[in-house]
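The sequence and the structure are shown first, and the description follows.

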Amino acid sequence: MLLTGSKQKIIINRSEGRRRTCSGAGKRGYMNKFLRYRLGCMALAAAFGVLAAGTALADDTTFVPGTSVNGLGIGSLTVDGAAERIGGFYSSDYKLTIKERGGVSETITGQEIGFAVGLPAGFLRDILNQQNASGRAYGPDVDNKHRAEMTNTYNQDALNARIASLSCISGAGIVTTSDAYVSAYQEGQPFTIIPEVWGNNVDQEKTAQLIRDAVASGASEVDLEAAGCYYNPQVTASDPHLIELCDTMNRCREMQITYVIGDESQVLDAAKICSWLTGAKDGEIQVNRDMAAAWVKELAAKYNTAGAARVFHTATGRDVQVTGPYGWKINQAAETDALIGMIRTGQSQSREPQYSQTAAAHGTQDWGTTYVEVDLTGQHVYMTKDGAVVWDAPCVTGNVSKNYTTPPGIFPLTYKERDRVLRGPKQADGTYEYETPVSYWMPFNGGIGLHDANWRGSFGGTIYKTSGSHGCINLPPSKVPALYEMVYKGMPVICYN
């Protein structure tokens, strides 16, 4: 038994300066009374001690009176009973309040998600064992209050399903947040700024994770606004960049772009430009690329000459039709990008399109006034410079009988080279079908080119029909040096029948 006592004072009375004394039987009687008084005080103190701090010896399977965990009393309960009481108290009353935008709130209850609270394993048993080992003391002077970190459990699938059903996630009243933007084109109407929308749609994954974390920690409330779960406009109607963009788009209503192609011009007017505008994004005018590309394609179809049929007036006075890879070709992809860039400035301007291939002159006679022509029927080559024939020579072209006929067409001279060995196809034994050294080599159509042919004794006539070349233009060796000096890379070479 835990006893508590209090010390008593023996008072010796003094009167008129004289000391009271006892002697003999009187003295012994006084001492007996004092002892009886002293024992009475001790008994009374012991009784008060029992009231102040008691012991519970009756049942060592229950907690002593006054025992609590996290403020919840479990005195006189067994370990299982205490665990049930604590778990039931927290689990049945648990709910999570979700505060939403506009003063709205929703609640998830513990019952909906199978929420349960438990203590660490062995925690209650350790408390009971400690009480039994220390004499099961209790009372106001004995601290039987305990605290512990509670462990929360819940049904994850049930929680996810409940989150998905929340009005802030899947409700009919959700308004999607959107940025301010410039209106789309309407014929005859200026561009205007459409104000931003402050909606109530949330980042669903961020919101779900916030709720999961709150349930796991046993929190009673989450605030979606404070946690930054809502989408907010990034661009407002007062944004200076958006205002400037709108002004630029309205300048597009008055701009035009003029393409200059030789002596001709093609105007892209404001109405067509504005019909391609689809608003703005990331501070930049948005142009419908497909529409811009279609317009550039039309421009190319009108002004490209490469691959197109053209009429050529020969040195002998005939008009023949020629076609081939030589000529103008607009780089449509690059020009579409350039056109969109010009539109975004909102400024009128003139430009020449970007070309992936150029020619000597614009117009139907894009070969200009300096070129080489090969008369495949007449077996003759002419060099025209600045509109006048300055050189000519007979030739031998591809062998018709062996299907090596030189193809007609208009081609750019690829390059020119001295002292080249011309080789035919490689054969199975590693040798070439032929290997022919030439002093002057001027290719224009793949492996077909102009060159000297010192193995021939005559040129022109009908030699080519049965004893022609493999497709090249064979020329008299004495005539070739002068031609070689006049030709240059890219010069038109026109072959015709």
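Predicted model: local features only at pLDDT ≥ 70, side-chain atom pairs only at ≥ 80, totals over all residues.

## Helices α10 and α11

On the α10 side, the contact is made by R289, A292, A293, W295, V296, K297 and A300. On the α11 side, Q332, A333, E335, T336, D337, L339 and I340 take part. Sorted by type, the residues of this contact between α10 and α11 are eight nonpolar, two polar and four charged.

## The chain as a whole

The chain has 497 residues, and 37% of them are buried. It contains 13 helices and 32 strands. Of the contacts in the chain with a separation of 6 or more, 64% are between residues 24 or more positions apart.

Which residues of helix α5 are buried? In α5 (residues 156–164), they are L159, R162 and I163. These residues cover an arc of only 100° around the axis, so they lie on the same side of α5. An α-helix has 3.6 residues a turn, so residues three or four places apart point the same way. The elements that cover the buried residues of α5 include the strand β7 (105–109) and the helices α3 (110–113), α6 (167–170) and α7 (204–217).

With α7, the axis of α5 crosses at roughly 135°, and the two axes come within 11 Å. The helices α5 and α7 are therefore oblique to each other, and α5 passes α7 in a right-handed crossing. L159, N160 and I163 of α5 make the contact with A208, I211, R212 and V215 of α7. The contact of α5 with α7 consists of five nonpolar residues, one polar and one charged.

## Helices α2 and α4

Helix α2 (residues 79–93) packs with helix α4 (residues 123–133) at an angle of about 135°, and their axes are 10 Å apart. α2 and α4 are therefore oblique to each other. Their crossing is right-handed.

V79, A82, A83 and I86 are the α2 residues that meet L124, R125 and L128 in α4. In the contact of α2 with α4, six residues are nonpolar, none is polar and one is charged.

## Two single residues

Is M249 buried or exposed? M249 lies in helix α8 (residues 240–251) and is buried, with a relative accessible area of 0%. Leaving aside residues up to four places away in sequence, M249 touches V182, S183, F191, L277, G279, A280 and I285. M249 and T345 are 96 residues apart along the chain, while their C-alpha atoms are separated by 8.7 Å.

N454 is found in the loop between β30 (448–452) and α12 (463–467). N454 has a relative accessible area of 57%, and this residue is therefore exposed, since exposed means over 50%. From N454 to N474 there are 20 residues in sequence and 9.0 Å in space, C-alpha to C-alpha.

Technical notes:
Residues numbered from 1 in each chain as written. Heavy atoms only, no water. Contact = heavy atoms within 4.5 Å. Helix = DSSP H or I, 4+ residues; strand = E, 2+ residues; numbered from the N terminus. Nonpolar A, V, L, I, M, F, W, Y, C, P; charged D, E, K, R; others polar. Buried < 20%, exposed > 50% of the residue type's maximum accessible area, 1.4 Å probe, protein only. Arc of directions from axis to C-beta. Axes fitted to C-alpha atoms, helices over the stretch in contact; angles between N-to-C directions. Parallel < 35°, antiparallel > 145°, perpendicular 65-115°, else oblique. Left-handed = near helix turned anticlockwise from the far one by under 90°.
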